[in-house]
Amino acid sequence: MPTMNHRPRKQFAQHWLRNEKALNQIVKAAELSKRDRLLEIGPGTGVLTRRLLPLAESVVAVEIDRDLCKLLAKQLGKVDNFLLLQGDILSLDLDAHIAAFPAFQKLNKVVANIPYNITGPILEKLIGKIATPAPTPFDSIVLLVQKEVAERLYAQPGSKAFGALSVRVQYLASCELICPVPAEYFYPAPKVDSAVVRLRPRRVGTPALDPKALETLVKLGFGEKRKMLRNNLKGMVDRDRLTQLLEQLNINPQARGEDLSVSQWVALSNILESGDFRQVDESFHEDAEI
Ligand code: SAH
């Protein structure tokens, strides 16, 4: 076994997936064809990489651990459609590294069992942020993540798991659960269970007029868990005015952050940013003064 002389390193969140069924489900979820150019983050010992290589046009893998890179280079270095980059996925300039390799450019899918300690930053790197979406979005992103994160990614509004991360990601991509992956499918078993999710970046129906304002609104709106929106947002909008606006949008004025769908978040942000709101705002003040 190639893993024998490499002890999994905690600092790099190394947990080797060793369950055939889960590996096959990850590969299947990527719906690969010979035209797909893949990015894999954290190939580790290459257990997933070996399955991806025969099914895709090419695979670029980014691995931070030098020793694992040596091991992978020894085993897969001669495979034509494989490019291994040693570095930190968060800081590595991927475009610069693949500039000299046309067959590894225009990556269109991501398949990865990622290090859980940097899940948030990896998601941001892959899909961008509300105000700065990835300029060339991937067709699909299949990731093995911690179960609690997975639940937030595909959560429906109204459920407990629906939080700021759900809105931020679902604004940019549709998200679905592929399958749960219990901790014992890994060596060493992580403390948490996992799940495979698939993200498909896409545009939302009605975009935010001011994406930066939506980012701020979502952050504040989910500021304190279990508080009503009008309380979490009171530093930004007067509570009574917000009640009025929520009613205008057919949203229960007692709603909490998790009760609003992504499109309702956008509608609220847009009404706050638009002239309509200012009119409501001003007339409200006039009324109040009379
Ligand atoms: N895909 C493998 C390993 C997953 S464990 C498997 O399924 O068995 C996570 C992997 O990500 C490890 O190989 C770890 O060394 C690597 N890694 C951790 N931090 C990284 C980073 N910042 N950039 C790139 N790779 C990283």
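## Ligand surroundings

Gln14, Gly42, Glu63, Asp88 and Asn113 come nearest among the 22 residues around the ligand, where a residue counts as near if one of its heavy atoms lies within 4 Å of the molecule. The model is predicted, so local features need pLDDT of at least 70 and side-chain atom pairs count only at pLDDT 80 or more, whereas totals for chains, interfaces and linings use all residues. Residues are numbered from 1 along each chain as its sequence is written, and side-chain values use heavy atoms, with hydrogens and water left out.

## Polar contacts and burial of the ligand

Polar contacts are pairs of N or O atoms within 3.5 Å. A nitrogen atom of the ligand lies 2.8 Å from a backbone N or O atom of glycine 42, while the side chain of glutamate 63 places an N or O atom 2.5 Å from an oxygen atom of the ligand. For asparagine 113, a polar side-chain atom is 2.5 Å from a ligand oxygen atom. The ligand taken alone exposes 570 Å², of which the protein buries 98%, with accessible areas from the Shrake-Rupley method and a 1.4 Å probe.

## Largest cavity

The structure holds 1 cavity of 30 Å³ or more, a cavity being a set of points on a 1 Å grid over the protein atoms alone where a 1.4 Å probe fits but cannot get out. The largest cavity contains about 40 Å³ of space, the volume being that filled by probe spheres set on the points. Its lining, formed by residues with an atom within 4 Å of a point, includes Phe222, Arg226 and Glu258, and divides into 1 nonpolar, 3 polar and 5 charged residues.

How values were computed:
1 Å grid on protein atoms, 1.4 Å probe; cavity = no way out; pocket = protein on both sides within 12 Å on 5 of 7 lines; lining within 4 Å. Nonpolar A, V, L, I, M, F, W, Y, C, P; charged D, E, K, R; others polar. Polar contact = N/O pair within 3.5 Å; in protein donor to acceptor, adjacent residues only side chain to side chain.
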